Amino acid sequence: MSSEARSRTSGAGLSFEQAPPIGGPLRFFITAPLFLLLAALLILWQGPALFASRWTPGMLAATHAVTLGFLAQAMMGALLQMLPVVAGSPVSRPHATAALVHVLTLPGTLTLLLGFLLQQAVFFHAALMLLGAGFAVFASAIGISLWRAPANNPGVRAMRLALITLLVTVLLGTYLALGHAGDVPLARFPLTDLHLAWGMLGWVGILIAGVAYQVVPMFQLTPGYPGRMTRWLGGSLFFLLAVFSLAAGLPAAAFLRPPSGIGLALGFLGFAAITLRLQARRRRRLPDVTLDFWRVSMISLILAALLWSTTQMIPQWQAVAGYPLLLGILFIVGFAVSAVNGMLYKILPFLAWFHLQSRLRGTAPNIRELLPENRARLQFRLHLSALVLLVLAILDPETFAYPAGILSTASSGLLWWNLFLAWRVYIKRTQALTG
C-alpha cells in the first residue's frame with residue numbers, strides 16, 4: 001500500500017484499531033465467487049433455453065445465485081468489516097456472528113436454488129428456515145451496531161437505509177417462496193418486481209453508493225463526493241422507492257409510478273456520472289484494475305438507468321421481448337457484480353496486508369504481492385467479455401449462450417482463485433510467525 005493511501009486512511013475519519021478479526025468478513029469473500037461460478041455453470045448446463053424468459057427455473061436459479069449467493073455474501077462480509085471502521089461501532093462477538101450467519105445463509109441459498117430448479121416445496125421450506133434465521137441474526141447484529149454507532153456520516157446513514165431495504169426484500173422474497181412452494185397464491189405481479197426493486201435499487205444500490213463514499217476516495221485517490229449529494233442521495237432514493245412501491249400496489253396511486261421511476265433512474269444516473277468524473281480527476285495515474293471494474297460498473301448503471309427511465313415514459317416498451325433480461329444483466333452483472341468484484345480486489349488484499357502489518361511490524365508484503373495486477377487484469381478482461389456476450393445472448397441465444405457461459409465460468413473461477421491465493425499468502429505468513 002502506498003504511503004499516500006495510508007495517509008488517506010488515517011485522514012478519512014476511520015478507526016482501524018476497531019477493525020474486526022479478519023476471519024469474519026474473509027469467510028464471506030472467499031465463498032461468494034463460488035456462487036458466481038455456479039450461475040455460470042447453470043448457463044452452460046441450460047444453454048439457450050435459459051434465456052427464453054425471466055421466469056424459467058434455470059434463470060430464476062442463476063439470478064438468485066448471483067444476487068443472493070455472490071452479491072449478498074460479499075456485501076454482508078463488507079458490512080461486518082466496515083461497520084467498526086466507518087461507524088466506530090463493532091458488531092458484538094464478530095467471530096460467532098459471522099460464523100452463524102455464514103453457516104445458515106450458505107446452505108439456505110443452495111437449497112433455494114434447488115427449489116427453483118426442481119420445483120420441490122421441501123427445498124423452498126428448508127431455504128426459508130435457513131435464510132430466515134441467517135438474515136434475522138445478521139440484521140439484528142448489524143441493526144444493534146448501527147443503533148449504537150457514534151458516527152452519523154453519509155456512509156452510516158446509507159447502511160441504515162440499506163438494512164431496512166434488505167428486510168423488505170427478505171419479507172417479499174419469503175412470500176414469493178411460499179408461493180413457489182404452493183402454500184399461498186403465487187403473486188408474481190407486482191410482488192416480483194417489488195422484490196427486485198427493493199433488493200437491487202435499495203439493498204444493493206444504496207449500499208454500494210454508501211460504500212463508494214468511503215472506498216472510492218480512499219483507494220482510488222479521488223476527490224471526495226460532493227457533500228450535498230452524500231447528504232441527500234440515499235434518503236431520496238429510499239423515499240422514491242417507497243413511492244414507487246405504493247404506486248405499484250395501489251391503483252389510486254398508479255399515476256405516481258412514472259415520476260418516481262424516473263426519479264430513481266436520475267438518482268442513480270447522477271451517482272454514476274459523478275463517480276466517473278471523480279475518477280477522471282484522481283491524483284494517481286498508475287494503471288489500476290479496480291478502477292476499470294468501477295468504470296464498467298458506472299457505465300452499465302448509466303445504461304440501465306437510461307433504459308429504465310425510457311420504459312417509465314413509454315410503458316408499452318416494457319412488453320418488448322428481452323427487455324427484463326437486458327435491464328437485469330445491465331444492472332446486476334454490469335453494475336453490481338462489476339463494482340463488488342472491483343471492491344473485493346481492494347478490500348481482501350488490504351485486510352490481509354493490514355493484519356500482517358500489525359504482526360510483521362513493517363515487513364508485510366505489499367498489496368500487489370498479495371494479489372498481482374496481471375492476474376486481476378486477466379480476470380477483468382474475461383468479465384468484460386462475458387458481460388458483452390450475455391447481452392448478445394439475449395438477442396441471439398443459440399449463438400451466444402454457450403460462449404457467454406464459458407467466459408462467465410472462466411471469469412468467476414479466476415476471481416475465486418485470485419482471492420484464494422491472496423488468502424493463502426496471508427495464512428502462510430501467519431503460520432510462519434507462529435512457528
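Q119 lies in the loop between α4 (94–118) and α5 (121–148), where helices are DSSP runs of H or I of at least four residues, numbered from the N terminus. The model is predicted: local features need pLDDT of at least 70, side-chain atom pairs count only at pLDDT 80 or more, and totals for chains, interfaces and linings use all residues. Residues are numbered from 1 along each chain as its sequence is written, and side-chain values use heavy atoms, with hydrogens and water left out.

Phi of Q119 is near 55 degrees, a positive value in a residue other than glycine. Most residues other than glycine have a negative phi. Q119 counts as partly exposed because its relative accessibility is 41%; buried means under 20% relative accessible area, exposed over 50%, and partly exposed in between (1.4 Å probe, protein chains only). L221, in the loop between α7 and α8, is likewise a residue other than glycine with a positive phi, near 55 degrees. L221 is buried, because its relative accessible area is 0%.

Helix α2 (residues 23–46) has 24 residues and reaches 36 Å from its first C-alpha to its last, close to the expected 34 Å; the expected span is 1.5 Å times one less than the number of residues. Helix α8 (residues 227–249), with 23 residues, reaches 34 Å between its first and last C-alpha, close to the 33 Å expected. At L233, α8 bends by about 35 degrees, the bend being the angle between axes fitted to the seven residues ending there and the seven starting there. L233 is one of the buried residues of α8, which also include M229, L237, L241 and F244. The cover over the buried residues of α8 includes α6 (154–181), α7, α9 (257–280) and α10, with contact meaning heavy atoms within 4.5 Å.

The axes of α7 (residues 188–220) and α10 (residues 289–313) come within 12 Å and cross at roughly 145 degrees. Axes are lines fitted to C-alpha atoms, for helices over the stretch in contact, and angles run from 0 to 180 degrees between N-to-C directions. In this pair, I208, A212, V215, V216 and Q220 of α7 meet T290, L291 and W294 of α10. By class, the contact has six nonpolar, two polar and no charged residues; Ala, Val, Leu, Ile, Met, Phe, Trp, Tyr, Cys and Pro count as nonpolar, Asp, Glu, Lys and Arg as charged, and the others, Gly among them, as polar.

Key:
Helix = DSSP H or I, 4+ residues; strand = E, 2+ residues; numbered from the N terminus.
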